[in-house]
Amino acid sequence: MKCGISISTCFLVVAFCLADMNNKVSSFQMVTVTQSTSQTRARARTRTKTKTPPLHLLQMQSNNDEEKNVESVDEDNNKGRFILPSLNQVLLGFLFFSSASRLSEAFLSIGTDQIETKVLGIVLNGALNLVALVLFFNSVQDIPYDNLEGFELKSLAKQAGLWARSGQVPTTFQFDHDGNNNNNDDDDDDQLYEVATFAGGCFWGTELHFQRIPGVVATCVGYTQGDIPKPNYEQVCTGQTGHTEGIQLLFQPQQCTYQSLVRKLMSTIPDPTLLNQVGNDRGTQYRHGIYFHSEEQKEAAKQILGEYEGRVDGSIATELLPAKVFWPAENYHQRYLEKGGQSAEKDASEKVRCYG
């Protein structure tokens, strides 16, 4: 299971403990605090079997759900829902105020004995205070959607951000000859692409699986099916926003069918009967689902899920729901495994390694 505590925060905790010891002893040994990227994730080793409701209970509850979901962004913007801080943010806040307190004490004690120890304490606590403040503010910042990766990198992130901010749940997409991008649900031009949204646990690995499929022209990772607008990774990790980690993609239906994409998703889920769990990733933010953009996609997905229903011992927990607004994730999550050196070439056969 991916952990909400970054490695950088863990290093800060260790450094803070050393700074506390520094106020009590006369000698000081320098400690280098190395900041690691906040997207590093730890894995849990437990796997729990959960009983789930029948497949039909996880599907659309009424014929009006699609229309309701199209309007969901306007409703969500008015909710003003309060999200508790993540454990990472709590630790950073603790480090900030504790180091500030010790920094104040050290300044007030200047002029007493052990002056060298006091100066070193001021330097270390000042550094901890500044780093904790910067990391905390970074964790609460809105995602800069205008700066996300674009089609030049075969990424759908920037376009998905445009759709999300305007409250759109598109079904198709077309590249204009003039270089402009348009949604067009009626044009049958050869350059018309369909939009698909899936969730399969850790979105790093799910994205790479679909990047490799011929006919998939652009992908992005993000957060969907949640209750608040503009979520960031820290918020989703708390499990309070209702979002699940997912991917959104453009595909050419003449080259790969929607059914083949659904089958690919299901092949990446070790046990589709587990609710809120894929592999070792557990929590509502890791639930798996198929979020259809049209009635045709819905019927195709129902057919595939029906096939899987007869192959497994238990009910399929994979959600089948209308697509809602999809909020792309931070840039460092986009094409994460490809950036880490794993091949995103079409039909690449190397095993997808989500955690190294």
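Q: Where is D347 found in relation to helix 11? And, for the close look itself, which helices and strands do the buried residues of helix 9 pack against?

A: What follows describes a predicted model, and D347 is found in the segment after helix 11. D347 has a positive phi of about 65 degrees although it is not a glycine, and with a relative accessible area of 60% it is exposed. E345 lies in that segment after helix 11 as well, and E345 too is exposed, its relative accessible area being 57%. Although E345 and Q211 are 134 residues apart in sequence, their C-alpha atoms are 7.5 Å apart in space. Q211 leads on to the close look, for helix 7 covers residues 203-211, and helix 7 is one of the elements that the buried residues of helix 9 pack against.

Helix 9 itself runs over residues 258-267, and its buried residues are Y258, L261, V262, L265 and M266. When the helix is seen down its axis, these buried residues fall within an arc of 135 degrees, so they line one face of the helix. This kind of spacing has a simple background: an α-helix has 3.6 residues a turn, so residues three or four places apart point the same way. As for what the buried residues of helix 9 pack against, the elements are strand 3 (192-200), helix 7 (203-211), strand 4 (216-224), strand 5 (244-251), strand 8 (288-292) and helix 10 (295-309).

At 6% relative accessibility, Y258 counts as buried, the cut-off being under 20%. Leaving aside neighbours within four places in sequence, Y258 is in contact with A196, F198, F251, I290, F292, Q297, A300 and A301. Y258 and V195 are 63 residues apart in sequence, while their C-alpha atoms are 9.6 Å apart in space.

The two helices in the list of packing partners can now be taken in turn, and two packed helices are described by the angle between their axes and the distance between the axes. For helix 7 and helix 9, the axes come within 11 Å and cross at roughly 140 degrees; helix 7 and helix 9 are therefore oblique to each other. Their crossing is right-handed. On the side of helix 7 the residues involved are T206, H209 and F210, which meet L261, K264 and L265 in helix 9. Sorted by class, this contact of helix 7 with helix 9 has three nonpolar, two polar and one charged residues.

With helix 10, helix 9 packs at an angle of about 40 degrees, the axes being 9 Å apart, and helix 9 and helix 10 are therefore oblique to each other. This crossing, of helix 9 with helix 10, is right-handed. Helix 9 contributes Y258, Q259, V262, R263, M266 and S267 to the contact, and helix 10 contributes Q297, A300, A301, I304, L305, E307 and Y308. By class, the residues of the contact of helix 9 with helix 10 divide into eight nonpolar, three polar and two charged.

Not counting residues up to four places away in sequence, E330 touches I143, L148, Y223, N232 and Y233. The C-alpha atoms of E330 and P231 are separated by 9.9 Å, the two residues being 99 residues apart along the chain.

Notes:
Residues numbered from 1 in each chain as written. Predicted model: local features only at pLDDT ≥ 70, side-chain atom pairs only at ≥ 80, totals over all residues. Heavy atoms only, no water. Buried < 20%, exposed > 50% of the residue type's maximum accessible area, 1.4 Å probe, protein only. Helix = DSSP H or I, 4+ residues; strand = E, 2+ residues; numbered from the N terminus. Arc of directions from axis to C-beta. Contact = heavy atoms within 4.5 Å. Axes fitted to C-alpha atoms, helices over the stretch in contact; angles between N-to-C directions. Parallel < 35°, antiparallel > 145°, perpendicular 65-115°, else oblique. Left-handed = near helix turned anticlockwise from the far one by under 90°. Nonpolar A, V, L, I, M, F, W, Y, C, P; charged D, E, K, R; others polar.
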